[in-house]
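Q: Can you walk me through this structure? I'd like to start with the surface.

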Amino acid sequence: TGSLSFISVYGSNDKCFKFYLFFVIMSLCIQIGAWTTLRMQSVSGENFVDQVWSEMNTKIRYNLQRSFDCCGLTGLSEFAQKLDPVDESCYRNGIILRRGCKKSLIKWIEKHQFNFFKFAIWVMLFQILSIISTVVWLKNISCHKEKKRFEKKSKPSDEVTLTDPSL
């Protein structure tokens with residue numbers, strides 16, 4: 001979005017600038033809507049982890065298992081239920097890990113929840129400042145164009161008498 005606003009400012013392209021403004025406002029609305037929905041539904045850490053775990057790809061799961069020294073979301077039973085082979089990320093020094101990742105992930109999310117909230121607030125503030133600056137720039141561009149149009153209309157037509165062949 002930064003390059004879009006840069007092009008718009010220096011190119012004085014109103015349509016591009018208005019698209020940028022629309023894009024920033026829509027992304028801000030989406031963030032507010034998502035945050036409100038999560039708050040209204042009172043999503044617990046446990047439900048959130050269950051949902052995210054089911055949607056993430058295996059490479060990310062294996063990386064989490066390595067990082068948290070765990071195996072599967074609920075433990076080895078997860079692999080047995082699905083008849084999946086146990087990945088090497090479930091082994092430490094040749095010993096298989098039996099503990100699931102769910103509790104560790106919930107603790108990690110709860111520990112870092114405030115940081116996520118702070119990051120979301122900073123992103124929203126940046127977007128609000130982008131909206132304000134875009135509106136100010138749009139106003140300046142339209143005033144500048146109006147001023148040019150007024151100057152063209154108010155110029156005296158001396159040039160017509162200089163090029164008039166009847167003189």
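**Surface patch and backbone angles**

A: A nonpolar surface patch of about 1100 Å² is built from Trp35, Phe114, Phe117, Ile121, Trp122, Leu125, Ile128, Leu129, Ile132, Val136 and Trp137. This is a predicted model: local features need pLDDT of at least 70, side-chain atom pairs count only at pLDDT 80 or more, and totals for chains, interfaces and linings use all residues. Residues are numbered from 1 along each chain as its sequence is written, and side-chain values use heavy atoms, leaving out hydrogens and water.

Q: What makes a patch?

A: Patch residues have over 30% relative accessible area and no salt bridge; nonpolar side chains (Val, Leu, Ile, Met, Phe, Trp, Tyr) are joined within 5 Å, like charges within 9 Å. Areas come from the Shrake-Rupley method with a 1.4 Å probe, and for residues only the protein chains shown count as cover. A salt bridge is a side-chain nitrogen of Lys or Arg within 4 Å of a carboxyl oxygen of Asp or Glu.

Q: Which helix gives the most to the nonpolar patch?

A: Helix α6 (residues 102-154), with 10 residues. Helices (H or I, at least four residues) and strands (E, at least two) are DSSP runs, numbered from the N terminus.

Q: And where is Trp35?

A: Trp35 sits in helix α2 (residues 14-41).

Q: New topic. What is the phi of Asn93?

A: Near 55°, a positive value in a residue other than glycine. Most residues other than glycine have a negative phi. Asn93 lies in the loop between β1 (91-92) and β2 (95-96).

Q: What about Asp69?

A: Asp69 is not a glycine, yet has a positive phi of about 50°. The loop between α4 (58-68) and α5 (77-82) holds Asp69.
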